[in-house]
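Which points deserve attention when the model is inspected is taken up below, topic by topic.

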Amino acid sequence: MGKIFDIIKSVKEVTKQQSVENLTEAAKNAKTLNIKQIVDDAMDKIGHANIIVAGKTGVGKSTLVNAVFNGNLAETGVGKPITQNMKEYSKEGEPVHIFDTKGFELGNYKSVIQELKREIDRRKGTGNPSDQIHLAWFCISNDGKRLETAESEFINELSKEIPVVVVLTKSVDTNLEFYNLVKNECHQATNVIRVLSLPYETPIGTIPAFGLQELIDHTYEIIPDIAKAALAAAQKVNDQITKKAVDRAITVAATSAAAIGATPIPFSDAVLLAPVQIGMIASISKIMKIEADKTFITTLVGSAAGVLGATMTGRAVVRGLIKLIPEAGVIIGGTISAATAGVVTSAMGYAFYNAIKIVQGTGSDVNPTNLSEAFREQLKKIKLK
């Protein structure tokens, strides 16, 4: 996405000089697309969701992390020491990093909070939003029915730095007395959420897992915007959050497309629109947990070009919208209005999302062949007047 905005910026600067020749030349220079770079940029833009998971040993932190996120992160992720009392766990391909306090013990909580504050400040100083620690989950075992003063002080103190959610793990019983106590004492926390990470067997039956969707829903609402897509892509328990992140990716792309459509550059709209739309498809793929590389994305976009040209009607000039030669990554320019550019991009995004849902619903492997077919069928339903 950075490349497309650089192109737009340079185009706007040329516009000030009122030079049609230079405008056209700027468009020509963008005609050969590095699809791999566009896909890589879209993946980088997803960034990471960085979450502290704190609490005493044995409260179920690892069980919670593995229940919420893909890839059994707490078991298979690579942990590296960050401070004396904290490790960072990550796994290649998973856009979430977990910072574990490695057994919050009552005797050293003051040193732990000071270490955390220093690490939070250090990461803020990098200027990279993906490096920053975005929030914390503080885990307390509900079955212990005991809140230490040090725990409430730790939560309220850390809340001055980043949002903190209190997670009451192992919440088997329905008595809310302890929940209400924690909520009252940990008043700086953004929420207190009861969770049972795994089904619990009792002599009279199984208590199903609960609270994970609520935890992710609340986390998505309070995590910074820069990390929302990463959280949605990493979690596996809340489909509504996935849909929210897809909506957001499509809205951003459609807004960018509309701005490009409003740029008065003859025969250049398709040149500038293609990176936005390819990047959107790559972002949706990541959020929907589809492994998509250059070949995958090129196949999808290439299959879309003919369908769009055949199905769009009225003022939508799509013959040059995404005429992509997959092998070379070369597009042919065309013109399109701002409104139409935004609508077409949005429609394409939702057609792709629906295609993924359809293929996933069949239980088939999501591969370029069956996804392209479903994508084409969804695109055929698009009608613009």
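**Briefing on the predicted model**

The model discussed here is predicted. Its protein chain contains 15 helices and eleven strands. Of the chain's 385 residues, 52% count as buried. Among contacts with a separation of 6 or more, 71% are between residues 24 or more positions apart.

- Most residues other than glycine have a negative phi.
- Asn 72 has a phi near 45°, which is positive although the residue is not glycine.
- The position of Asn 72 is in the loop between α4 (61-68) and α5 (73-76).
- Lys 145 likewise has a positive phi in a residue other than glycine, with a value near 50°.
- Lys 145 belongs to the loop between β5 and α7 (149-158).
- With a relative accessibility of 36%, Lys 145 is partly exposed.

**Nonpolar cores**

- In soluble globular proteins, nonpolar side chains tend to be buried together.
- The largest nonpolar core comprises 76 residues, and those with the most contacts inside it are Ile 51, Leu 64, Phe 69, Ile 98, Trp 137 and Phe 375.
- Helix α12 (residues 269-287) supplies the largest share of this core, namely ten residues.
- Another core, of 28 residues, lies apart from it and has Ala 136, Leu 158, Val 164 and Cys 186 among its members.
- Ile 51 is in contact with Phe 69, Val 96, His 97, Ile 98, Phe 99, Leu 135, Trp 137 and Leu 231, when neighbours within four places in sequence are left aside.

**Packing of α11 against α14**

- Two packed helices are described by the angle between their axes and the distance between the axes.
- Helix α11 (residues 239-261) packs on helix α14 (residues 338-362) at an angle of about 155°, and their axes are 7 Å apart.
- Because angles over 145 degrees count as roughly antiparallel, α11 is roughly antiparallel to α14.
- The α11 and α14 crossing is right-handed.
- On the α11 side, the contact is made by Lys 243, Val 246, Asp 247, Ile 250, Ala 253, Ala 254, Ala 257, Ala 258 and Gly 261.
- On the α14 side, the residues they meet are Ala 338, Ala 341, Gly 342, Thr 345, Ser 346, Gly 349, Tyr 350 and Tyr 353.
- By class, the residues of the contact of α11 with α14 are ten nonpolar, five polar and two charged.

**Packing of α4 against α9**

- α4 and helix α9 (residues 212-222) pack at an angle of about 80°, and their axes are 11 Å apart.
- Because angles of 65 to 115 degrees count as roughly perpendicular, α4 is roughly perpendicular to α9.
- In this contact, Leu 64, Ala 67 and Val 68 of α4 meet Leu 212, Leu 215 and Ile 216 of α9.
- The contact of α4 with α9 has six nonpolar residues, with no polar and no charged ones.
- Leu 64, which takes part in this contact, is also one of the residues with the most contacts inside the largest nonpolar core.

**Individual positions**

- Ser 171 is located in the loop between β6 (164-169) and α8 (177-185).
- The relative accessible area of Ser 171 is 0%, so the residue is buried, as the limit for that class is under 20%.
- Ser 171 touches Asn 142, Arg 194, Val 195, Leu 196 and Phe 210, not counting residues up to four places away in sequence.
- Gln 132 occupies the loop between α6 (109-124) and β5 (135-141).
- Gln 132 is partly exposed, at 25% relative accessibility.
- Not counting residues up to four places away in sequence, Gln 132 touches Asn 50, Arg 123 and Lys 124.
- The C-alpha atoms of Gln 132 and Ala 227 are separated by 9.8 Å, with the two residues 95 residues apart along the chain.
- Lys 357 is part of helix α14, and its relative accessibility of 36% makes it partly exposed.
- Between Lys 357 and Met 288 the C-alpha to C-alpha distance is 9.0 Å, while in sequence they are 69 residues apart.

How values were computed. Residues numbered from 1 in each chain as written. Predicted model: local features only at pLDDT ≥ 70, side-chain atom pairs only at ≥ 80, totals over all residues. Heavy atoms only, no water. Axes fitted to C-alpha atoms, helices over the stretch in contact; angles between N-to-C directions. Helix = DSSP H or I, 4+ residues; strand = E, 2+ residues; numbered from the N terminus. Parallel < 35°, antiparallel > 145°, perpendicular 65-115°, else oblique. Left-handed = near helix turned anticlockwise from the far one by under 90°. Contact = heavy atoms within 4.5 Å. Nonpolar A, V, L, I, M, F, W, Y, C, P; charged D, E, K, R; others polar. Core = buried A, V, L, I, M, F, W, Y, C linked by side-chain atoms within 4.5 Å. Buried < 20%, exposed > 50% of the residue type's maximum accessible area, 1.4 Å probe, protein only.
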